[in-house]
Amino acid sequence: MTTHVRWLGHAAMAIETAGVHVLVDPFLTGNPKAAITADKVHADFILISHGHGDHVGDSIAIAQRTGATIISNYEISVWLENQGIKKTHGQQHGGGFNHPFGRVKLTLAFHGSALPDGSNGGNPCGFLIYLKDGKKIYHAADTGLFGDMRLIGEEGIDLAVLPIGDNYTMGPDDAVRAVKFIQPKKVIPIHYDTFPIIAQDANAWAAKVRAETSATPVVLQPGQGIDV
Ligand code: NI
Ligand code: MN
């Protein structure tokens, strides 16, 4: 049973594990790097890290079309219910829940979380995903560097997904420090090159990760993926 993780551009990832499709932060419409359109993507579950438009993205339309359950923080889940989404699951930081594809725990993230209409989106989060095949994925979403990434690393992370774009999130140097804290087997950079303000040289970053850590960096083009 393999798990395949595909980058859809920006922070959007498609995880396929044991036949279940899990989407993270599906910002596709309006994303110049999107690898797929919102009317085509598969989803059984959608994870939303925070309220910003480049993360909530097409979640509502995809959930309406597919019947997917949306997992997010409690405040965003209530907001989604008010938009007519019936299948939501609210959690909060440090809390885990055993979903059909595996356990999801919300982690700390230093960022904002206002929703597109200005509603309170609670606190932003990252996701620690314990898949049923035993693999562990940490999707940091939008965050600055924080020392408690060491605690996340203690879980034994197979794949870390980290922002490197700078300005709104960690930049490349802090993302290398994050890799040292987390010590994942593999690391995928995200949240860069979508817009000029977050343009980065991902290959230069990967060279630094290779030189300074024992993690294997995997630089993807939108649409490409890897087996975890
Ligand atoms: Ni954001
Ligand atoms: Mn963002």
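Colleague: What makes the arrangement of donor atoms around the nickel ion (ligand 1) irregular?

Modeller: In this predicted model, the four donor atoms around the nickel ion (ligand 1) subtend angles of 85 to 174 degrees, and that range makes the arrangement irregular. Four donors count as tetrahedral only if all angles lie between 85 and 135 degrees.

Colleague: Which residues coordinate that nickel ion (ligand 1)?

Modeller: The nickel ion (ligand 1) is coordinated by His50 through NE2, His52 through ND1, His111 through NE2 and Asp142 through OD, at 2.1 to 2.4 Å. Along the sequence, these donor residues follow the spacing H-x1-H-x58-H-x30-D. The site links distant parts of the chain: His50 is in the loop between strand E4 (45–47) and helix H1 (53–56), while His111 is in the loop between strand E8 (102–108) and strand E9 (125–131), 61 residues apart.

Colleague: Is His50 buried or exposed? And how does His111 count?

Modeller: His50 has a relative accessible area of 0% and is therefore buried. His111 has 25% relative accessibility, so His111 counts as partly exposed.

Colleague: What about the manganese ion (ligand 2): which residues coordinate it?

Modeller: Asp54 (OD), His55 (NE2), Asp142 (OD) and His191 (NE2) coordinate the manganese ion (ligand 2), at 2.1 to 2.2 Å. Their spacing along the chain is D-H-x86-D-x48-H. Here too, distant parts of the chain are linked: His55 belongs to helix H1, and Asp142 to the loop between strand E10 (136–139) and helix H4 (149–153), 87 residues apart.

Colleague: How far apart are the two ions, and which residue coordinates both?

Modeller: The manganese ion (ligand 2) and the nickel ion (ligand 1) are 3.1 Å apart, and Asp142 coordinates both.

Colleague: Are Asp142 and His55 buried or exposed?

Modeller: Asp142 is buried, with a relative accessible area of 2%. His55 also counts as buried, at 0% relative accessibility.

Colleague: Changing topic: where does Asp193 lie?

Modeller: Asp193 lies in the loop between strand E12 (186–190) and helix H6 (202–212). With a relative accessible area of 30%, Asp193 is partly exposed.

Colleague: Which residues is Asp193 in contact with, leaving aside neighbours within four places in sequence?

Modeller: Asp193 is in contact with Lys33, Ile198, Ala199 and Gln200. For Gln200, the backbone nitrogen lies 2.9 Å from a polar atom of the Asp193 side chain. As for Gly144, which is 49 residues from Asp193 along the chain, the C-alpha atoms of the two residues are separated by 18 Å.

Colleague: One more topic. How many aromatic pairs does a search of the whole structure find?

Modeller: The search finds three aromatic pairs. One of them is formed by Trp7 and Tyr192, which are stacked, with 5.6 Å centre to centre and 20 degrees between the planes. Trp7 lies in strand E1 (residues 3–9) and Tyr192 in the loop between E12 and H6, so the pair ties together parts that are 185 residues apart in sequence. Trp7 counts as buried at 3% relative accessibility, and Tyr192 counts as buried at 5%.

Colleague: What sort of pair do Phe110 and Phe146 form?

Modeller: Phe110 and Phe146 form an edge-to-face pair, 5.7 Å centre to centre with 75 degrees between the planes. Phe110 lies in the loop between E8 and E9, and Phe146 in the loop between E10 and H4, so this pair ties together parts that are 36 residues apart in sequence.

Methods. Residues are numbered from 1 along each chain as its sequence is written. Chains are lettered from A and ligands numbered from 1 in the order in which they are written. This is a predicted model: local features need pLDDT of at least 70, side-chain atom pairs count only at pLDDT 80 or more; totals for chains, interfaces and linings use all residues. Side-chain values use heavy atoms; hydrogens and water are left out. Donors are N, O and S atoms within 2.8 Å of the metal (3.2 Å for Na, K and Ca); water is not among the atoms, so sites may look incomplete. Four donors count as tetrahedral if all angles lie between 85 and 135 degrees; four count as square planar and six as octahedral if opposite donors are over 155 degrees apart and all others between 65 and 115; anything else is irregular. Helices (H or I, at least four residues) and strands (E, at least two) are DSSP runs, numbered from the N terminus. Buried means under 20% relative accessible area, exposed over 50%, partly exposed in between (1.4 Å probe, protein chains only). Contact means heavy atoms within 4.5 Å. A polar contact is a pair of N or O atoms within 3.5 Å; within protein, one must be able to donate a hydrogen and the other to accept it, and residues adjacent in sequence count only if both atoms are side-chain atoms. Rings of Phe, Tyr and Trp (its six-membered ring) pair if their centres lie within 6.5 Å; planes under 30 degrees apart count as stacked, over 60 as edge-to-face and the rest as tilted.
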